[in-house]
Structure formats: structure tokens, C-alpha cells
Amino acid sequence: MRNKIILFFLLIVSVLAFLGSCQSEEQITYARYYVNGKQLYEQHCQNCHSSDGKGLGNLYPPLTDTVFIKKNKDGLACIIKYGMSGPVTVAGKVYDTEMPAESTMPDIEIAALVTYITNSFGNKHGLYDAEAAGNDLKRCLEESKPKQIEVPEAK
């Protein structure tokens with residue numbers, strides 16, 4: 001009888017553990033992007049922005065300013081892909097060190113990196129998928145194209 005009780009208890013614990021581990025497709029997708037983004041951050045970003053996202057002194061800005069991250073989330077893919085030069089103000093401090101472009105990084109990796117950055121260091125902004133990255137990258141390319149000026153015909 002005691003063995004049956006133990007087996008029943010183990011069965012209940014196993015079922016509860018299984019049910020607790022079930023995640024929605026969205027949760028699984030988010031986790032996949034986040035984990036891959038963390039690895040990409042460690043490879044491409046950590047040397048300048050540090051492992052805790054606090055930046056590097058007066059050289060590289062922190063990624064811990066949740067207001068800045070939220071306000072600029074749609075532009076992060078462009079900054080990663082095409083780099084950035086010129087001054088930027090983060091948390092009231094001006095930084096003017098060039099950020100190198102990751103021009104060969106595919107949209108899916110940029111999306112993973114943005115997902116990690118926007119959900120770490122005090123930020124909580126949810127999934128940023130490859131489609132969002134592609135749309136933002138397309139938009140920033142269109143905005144950076146020089147506008148054609150109509151020149152009137154000479155008479």
C-alpha cells in the first residue's frame with residue numbers, strides 16, 4: 001500500500017511538473033529570441049556596453065535607461081545594422097563615440113539582439129521579431145535616402 005501511495009504521489013508531481021512546463025508558442029518564441037540575443041550581445045556588444053548594460057564610462061552609453069530604450073526601440077535595429085556616429089544623449093549625458101555597424105547581421109539576429117536589450121537591464125518591452133526588424137530597417141533606409149529635387153526645365 002505504501003508503494004502505491006508513493007507511486008501515486010510521484011505521478012501527481014510528474015503531471016504537475018509537466019503542466020507547469022507547458023508554454024505557449026509565443027512564450028517559446030520569446031525565449032528563443034531572448035536566449036539567442038543574449039549570446040549575440042555577449043559577442044558583439046558587451047565589450048563596450050558591459051555585461052550589466054551600464055556602458056563604459058564617458059565612452060559608450062548605458063542600455064539601462066528604460067526611457068531612452070522605450071523611446072528609441074523602433075530605431076535600435078537601424079543603429080545595430082548601420083552603426084551610429086555623432087552625439088547621443090542618454091540619461092542626461094552626452095556620448096560621442098562612433099558605434100560600428102553590424103552590416104552583415106541578418107534581420108533575425110538583429111531582432112534577437114533587440115529583444116534581449118529591450119528586456120534586460122531593467123527594460124521590459126516584449127518580443128521584437130524578425131518582421132519588426134525588417135520593417136524598421138526598411139523604414140530607416142527610406143528615411144536616409146536623399147530626396148530628389150525637381151528642377152524646372154530651362155526655357
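Modeller: A residue is called buried when its relative accessible area is under 20%, and exposed when that area is over 50%. The model discussed here is a predicted one. With that cut-off, helix H5 is mostly covered, since eight of its eleven residues are buried.

Colleague: Which residues of H5 are the buried ones?

Modeller: They are Ile-110, Ala-111, Ala-112, Leu-113, Val-114, Thr-115, Tyr-116 and Ile-117. Their packing partners are H2, H4 and H6.

Colleague: Why is Thr-115 called buried?

Modeller: Its relative accessibility is 0%, and the term requires a value under 20%; Thr-115 therefore qualifies as buried. The residue belongs to helix H5. Leaving aside residues up to four places away in sequence, Thr-115 touches Tyr-30, Tyr-33, Tyr-34, Gly-126, Leu-127 and Tyr-128.

Colleague: What makes Thr-29 a buried residue?

Modeller: Thr-29 has a relative accessible area of 16%, and the limit is under 20%, so the term applies to Thr-29. Thr-29 lies in helix H2, which spans residues 25–44.

Colleague: How far is the C-alpha atom of Thr-29 from that of Asp-129?

Modeller: The two C-alpha atoms are separated by 8.9 Å, although Thr-29 and Asp-129 are 100 residues apart along the chain.

Colleague: What share of contacts in the chain joins residues at least 24 apart?

Modeller: The share is 59%, counted among contacts between residues at least 6 apart in sequence. As for the arrangement of the chain, there are six helices and two strands, and from the N terminus their order is α-α-α-α-β-β-α-α. Of the 155 residues, 30% are buried.

Colleague: How do you know whether the span of H4 is close to or far from the expected one?

Modeller: Helix H4 covers residues 66–82 and has 17 residues.

Colleague: Where is H4 kinked, and by what angle?

Modeller: The kink is centred on Lys-73 and amounts to about 80 degrees. The angle is taken between axes fitted to the seven residues ending at a residue and the seven starting there. Lys-73 is also one of the buried residues of H4, together with Phe-68, Ile-69, Leu-76, Ala-77, Cys-78, Ile-80 and Lys-81. The buried residues of this helix pack against strand S1 (88–90), helix H5 (107–117) and helix H6 (130–144).

Colleague: What is found at the start of H4, and what just after it?

Modeller: At the start, a side-chain oxygen of Asp-65 comes to within 3.1 Å of the backbone nitrogen of Val-67. The limit for a polar contact is 3.5 Å, so this pair falls inside it. Just after the helix, Gly-83 has a positive phi of about 80 degrees.

Colleague: How does H6 compare with its expected span?

Modeller: H6 has 15 residues, and its 21 Å from first C-alpha to last is close to the 21 Å expected. Its buried residues are Ala-133, Gly-134, Asp-136, Leu-137 and Cys-140, and they pack against H4 and H5.

Colleague: What makes the phi of Ser-50 and that of Phe-121 worth noting?

Modeller: Most residues other than glycine have a negative phi. Ser-50, by contrast, has a positive phi near 70 degrees, and Phe-121 has a positive phi near 60 degrees. Ser-50 is placed in the loop between H3 and H4, whereas Phe-121 is in the loop between H5 and H6.

Colleague: Why are Ser-50 and Phe-121 called buried?

Modeller: The relative accessible area of Ser-50 is 17%, and the relative accessibility of Phe-121 is 16%. The cut-off is under 20%, so both residues count as buried.

Colleague: Which element gives the most to the lining of the largest pocket?

Modeller: H4 does, with seven residues. Helix H3 (46–49), H4, S1 and H5 each supply at least two lining residues. The lining has 29 residues, and those nearest the centre of the pocket are His-49, Pro-61, Leu-63, Ile-79 and Met-99. The volume of this pocket is about 540 Å³.

Terms used
Residues are numbered from 1 along each chain as its sequence is written. Side-chain values use heavy atoms; hydrogens and water are left out. Helices (H or I, at least four residues) and strands (E, at least two) are DSSP runs, numbered from the N terminus. The expected span of a helix is 1.5 Å times one less than its number of residues. Buried means under 20% relative accessible area, exposed over 50%, partly exposed in between (1.4 Å probe, protein chains only). Contact means heavy atoms within 4.5 Å. A polar contact is a pair of N or O atoms within 3.5 Å; within protein, one must be able to donate a hydrogen and the other to accept it, and residues adjacent in sequence count only if both atoms are side-chain atoms. On a 1 Å grid over the protein atoms alone, a cavity is a set of points where a 1.4 Å probe fits but cannot get out, and a pocket is an open set with protein on both sides within 12 Å along at least five of seven lines; lining residues have an atom within 4 Å of a point. Grid points are joined across faces, edges and corners, and a volume is the space filled by probe spheres set on the points.
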